[in-house]
Number of protein chains: 2
Amino acid sequence: MINEQLLNPKSIVVVGASDDVMKPGGKILKNIVDGDYKGDLYVTNLKSDEVQGIKSYRDVADLPQNVDLAVLAIAAKFCPQTVEVLAKQKGTKAFIIISAGFSEENEEGAALEHQIVETINEVGGCLIGPNCVGVLTTNHSSVFTTPIPALEPMGADFISGSGATAVFIIEAGMAKGLKFNSVYSVGNSAQTGVEEVLEYLDNTYVEGESSKIKLLYLESVNNPQKLLKHASSLINKGCKIAAIKAGSSDAGSRAASSHTGALASSDLAVDALFKKAGIVRCYGREELANVAAVFMLEELKGKNVAIITHAGGPAVMLTDALSNGGLEVPAIDGPKADALLEKLYPGSSVANPIDFLATGTAEQLGDIIEACENDFEHIDAMAVVFGSPGLFSNAEVYKLLHQKIRDCKKPIYPILPSVVNVKDDIEMFINMGNVNFPDEVMFGNALTKIYNTPKPVMTGLNNDGVDVAEVRRIIESQQDGYASPEVVQSLLDAASIPRVREFVSDKVGDLKNAAKEVGFPVVMKVVGPVHKSDVGGVVLNVDSDEQLVAEFERMMQIQDATGVMLQAMLSGKELFVGATYEPGFGHMVLCGMGGIFIEVLKDVSSGLAPLNQSEALEMIHNLKSYKIIQGVRGQQGIDENKYAEIVVRLSNMLCHAPEIKEMDINPLLGEGEKVIAVDARIRIEK
Amino acid sequence: MINEQLLNPKSIVVVGASDDVMKPGGKILKNIVDGDYKGDLYVTNLKSDEVQGIKSYRDVADLPQNVDLAVLAIAAKFCPQTVEVLAKQKGTKAFIIISAGFSEENEEGAALEHQIVETINEVGGCLIGPNCVGVLTTNHSSVFTTPIPALEPMGADFISGSGATAVFIIEAGMAKGLKFNSVYSVGNSAQTGVEEVLEYLDNTYVEGESSKIKLLYLESVNNPQKLLKHASSLINKGCKIAAIKAGSSDAGSRAASSHTGALASSDLAVDALFKKAGIVRCYGREELANVAAVFMLEELKGKNVAIITHAGGPAVMLTDALSNGGLEVPAIDGPKADALLEKLYPGSSVANPIDFLATGTAEQLGDIIEACENDFEHIDAMAVVFGSPGLFSNAEVYKLLHQKIRDCKKPIYPILPSVVNVKDDIEMFINMGNVNFPDEVMFGNALTKIYNTPKPVMTGLNNDGVDVAEVRRIIESQQDGYASPEVVQSLLDAASIPRVREFVSDKVGDLKNAAKEVGFPVVMKVVGPVHKSDVGGVVLNVDSDEQLVAEFERMMQIQDATGVMLQAMLSGKELFVGATYEPGFGHMVLCGMGGIFIEVLKDVSSGLAPLNQSEALEMIHNLKSYKIIQGVRGQQGIDENKYAEIVVRLSNMLCHAPEIKEMDINPLLGEGEKVIAVDARIRIEK
């Protein structure tokens, strides 16, 4: 419920402003003033008529009408009344409450928070916080923290679930030249959380005008479906999103809960969600800053990188990082390479890495970049590593780099490692509007992480093969608990998932017909007795009518026998497909090979339902055991399309049955085109 | 061949000194002067009588006698003659040649280099370079680059195979407060390489006086055995070593070769060597700097870390990083925890992470650290995350931290993220002699990497079970190529590696006796024909005397049959053990499960021969399939000690047979205590 009054207010009031800039109420006013805010600025303070040289009102009731945005830096208990007056009497439509003492502290605080949200919702206003650092846009710096980073319309939109972490991320980003368009610290997310800010950015996105870079710091995902929807929508519009979701380990989750009171979602589900949305997942501030800096440059359109350097070591380490992450540093040769080599000093190399020696000049760098842009067609991007041993300035080289980054149609990544020796030159370079990667390996890891993040998948729910009415009918007839074998079978049938056919009869003729239908060999099991094996009630590999008749007659003599069940004796590799329901996320579907692969090697892929065929295939391809599914050592493989189809059908069926909290088909036997469910379990909880 | 004249020269001459400090010969003189060198300093320059205010000699022949160290910054072609005069006439025993144009450039340069080494070796002197940045010790700053980091006896000894990379690593380290005792840029390593410097540091190590921290940057490992010997020796004396070996990827290796002309060693062998030596392997400069900064603090003696913070986010991310790396952030509770909580502001938490809020004071931090040191016995270390929102200074907190780091008997890791907001306070903290970790996740990754690096293994070659004389006799009798089955068998026997017994005879009675010895079922194969299977010459599962006789009679009728071979029909899981010879490294031994595990899942462990039992067990434990070796799903496992014993015997046998360039035993069948070689291949190359 972000609104224009929050982002571009015509007037702001700081409630609880102070002369003391070591206090939040003093610092936030100072930041707004220092940030050269262009609208009307009001302040209130119970005890002063002037704060920081600005006329102060003692009571919000005395403020002029229509103050767009109110920033509250007063004790929690005074907030509801203040909000009431501003919202209902003064026409204020946007609120930032930096004060703590609300739901993060106790029940009482939660009640105050609830009251404030009600009031603001009544007037259709927007609330950021409480318990937050504030909001920073190109129009106003309503945060009580420093530093205030460089703000520009094409900088990153940064939304953070933690105020202090936002500050530290800004600090890490500034050192790399990261620019920001906006920063939102959502605090307790009482009305507006990370997902709602993202929703607004999506709904108001204008190509060519809106920033394309979104950075998120989350300690919990409160609304996974909203995050998925708007993140993938923004990415499909050309945006790039990177996010940290902290609390990925079990211990980390406890740390997250103790901090925010938020229950952490299962981490595998977060992974699946980010993958589906196309979000680049980061695990630390430095990593996020590196990824964001890559976002600020031209997009990489291929996988071939030229490394241009005047120092070998970093080029070698970068080559390792890129290669290990799936990018390539391909050889460069041929007459055009020879022509380039002519322009460099003796001893240079253009083989890639292109090494133009410690004595290399700005002019030579220009020649190299032009050759990579125009002559070496297989090169998609350039990483320029240029430090200094401290003998002379790098200003000329960095100015050239600045120009080339803007003019070149291929991305150029500047890696300037000499943060001490040419500190001033790097500062100049960053102040000219550039980013810098001080460490080539961290850059390489960031670039390959982006390269390896799949594009978002917009899966429309596809009901092909799923009898939705039947699924609902079955689910509604069930109680909580594990479903009976018959119910499991009918659900598999409703999803058109092939399963092993079973025939039960007390007439030997029926069973002979059934055996004809499924083909020998077959399995026979007595029906009636509970412990079938113990009473000799299970026989495998029955392979003739004669044997069938003999076993039938024997089994029917077993105590409590009411009939005999017959099914095909199947062969093939054991596969597995299962799902768990994660509140908010929906069903997380897992697949892989069964037996030791799942039990010992933990070789599973996961995805969020609904899944389409290409997502399911991708999951199968990501298995370590994929080659076995393809067929190795002379053994027949499994038709991966058939397997994927079952994964898709299962995921689609589950979208109509949120009451299924856990299910698995294990084993699913696969041999060539035959992929058949042999056993399955389903747990229902309404 | 490092000597005292290099490290602590009474006199230095800079040959080719210049007034122009933008030139190496000018800058190196300036650095020596600025570094407050205490001995006699001479300079030579062909054209001047004074350089930078110092009397200059036009000819080295005019220099006084006994100049300890000569630093050469003159063209390559003039170096041999200059070295000759200094070494033979002036008693100079240490040389640093920063000039390029030697073996790294062409054959001519290589000849000059060779000549210089000969001259210096004749007088028993030391040569660093050529083509290097120089040497930095606490006594003199003979490098032509900046920055000159803080130098102190307990700082790191840093040896680098690349000059520019050394500079960038120093720059990255300085930002974290890293101190140095010495820096060696070995350039072309004409006489003295990374390994030789390490050897010197090992041989001259004095407990309590020598620095305990060694950092290495390598683009090639020229003398793996020397590196292994001295690295593990130093670590056993209490030192810590971290190293980057660049060129780990295939493409990276090409980059390394193009740069240094050195052939990159196989990366897996490097990994195995570092593991055996106890070296912490790093892949980038920032990572190395973080690991080195951890080295500078008290050693971690357990796995339980308390995270102390006033901002939740970094604590959550750090918890994730530590947990994922195998360290723990255990809960803290009980009466002593309650007592600590009393001392903190309301809303604080001591559960771990210990969160003492944005308003937390230095005094409270002191209380927390004392409680972690004395009251919470299960806590082994503390990570203190303390940034700033920019409202006030952190100086008091950082001063307290400085004191506690020195007084506390448990390690305290300072994570100060606000590199912008409290830049000056962090600078003060670093200048007081501390290190800082600006990013908690990079710190966490560094700490867990150190934690997960095993201690060095000093494997004395153990010949138990290996008949060395027999191994040599066999090897010496062989030609190059694949050894015959008989030779393979006798080598396995000489190493006491159990193998499947084979009996060959053309008399059925012999075979009947053999079958009695090994027990039915047995396998029978015709001897004579090449393609045995094609002519029906292989029968499995022969399980009676009758069947044996029948098959014998049939087989002897096959064309070319000269007899029949009989062996036990074994069952069990397929294992694998193999080895390749890496020049310089020796044999790299690989082990794992056979079949799909090695072929598809690439699940192998590696180690450098000789291996002892605990190393071999560690290799087995590191397999992903280890649980299968232990026995899963009701199946019998394999006696891992028996398997390890075979790995050990093989590795020991190979130490006596460097002519074996490749070998593998595949399969090695394992079932309970029975682990038996079924098939093996050995390639000999002399």
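Predicted model: local features only at pLDDT ≥ 70, side-chain atom pairs only at ≥ 80, totals over all residues.

1. Domain 2 of chain A and domain 5 of chain A share one salt bridge, a salt bridge being a side-chain nitrogen of Lys or Arg within 4 Å of a carboxyl oxygen of Asp or Glu. The partners are Glu615(A) and Lys276(A), with 2.9 Å from N to O.

2. Residues are numbered from 1 along each chain as its sequence is written, chains are lettered from A and ligands numbered from 1 in the order in which they are written, and side-chain values use heavy atoms, with hydrogens and water left out.

3. Back to the two domains, whose bounds come from an automatic or database domain assignment: domain 2 covers 149-295 and domain 5 covers 573-684 of chain A. Twelve residues of domain 2 of chain A touch twelve residues of domain 5 of chain A, contact meaning heavy atoms within 4.5 Å. About 980 Å² is buried between them, 64% of it from carbon and sulfur atoms; buried area is the accessible area (1.4 Å probe) that two parts lose on being put together, summed over both. Leu268(A), Ala269(A) and Lys276(A) supply 44% of the area that domain 2 of chain A buries against domain 5 of chain A, more than any other three residues.

4. How do the two chains relate? A rotation of 180° with 0.0 Å of shift along its axis superposes chain A on chain B, with an RMSD of 0.2 Å, using least squares on the C-alpha atoms of residues with pLDDT of at least 70 in both. That is the relation of a two-fold axis. The same surface serves both copies, as 99% of the contact residues of chain A recur in chain B.

5. Between the chains, 78 residues from chain A meet 77 residues from chain B. The buried area is about 5,900 Å², with 61% from carbon and sulfur atoms. Two salt bridges link chain A and chain B; one of them joins Glu440(A) to Arg285(B), with the closest N and O atoms 2.8 Å apart.
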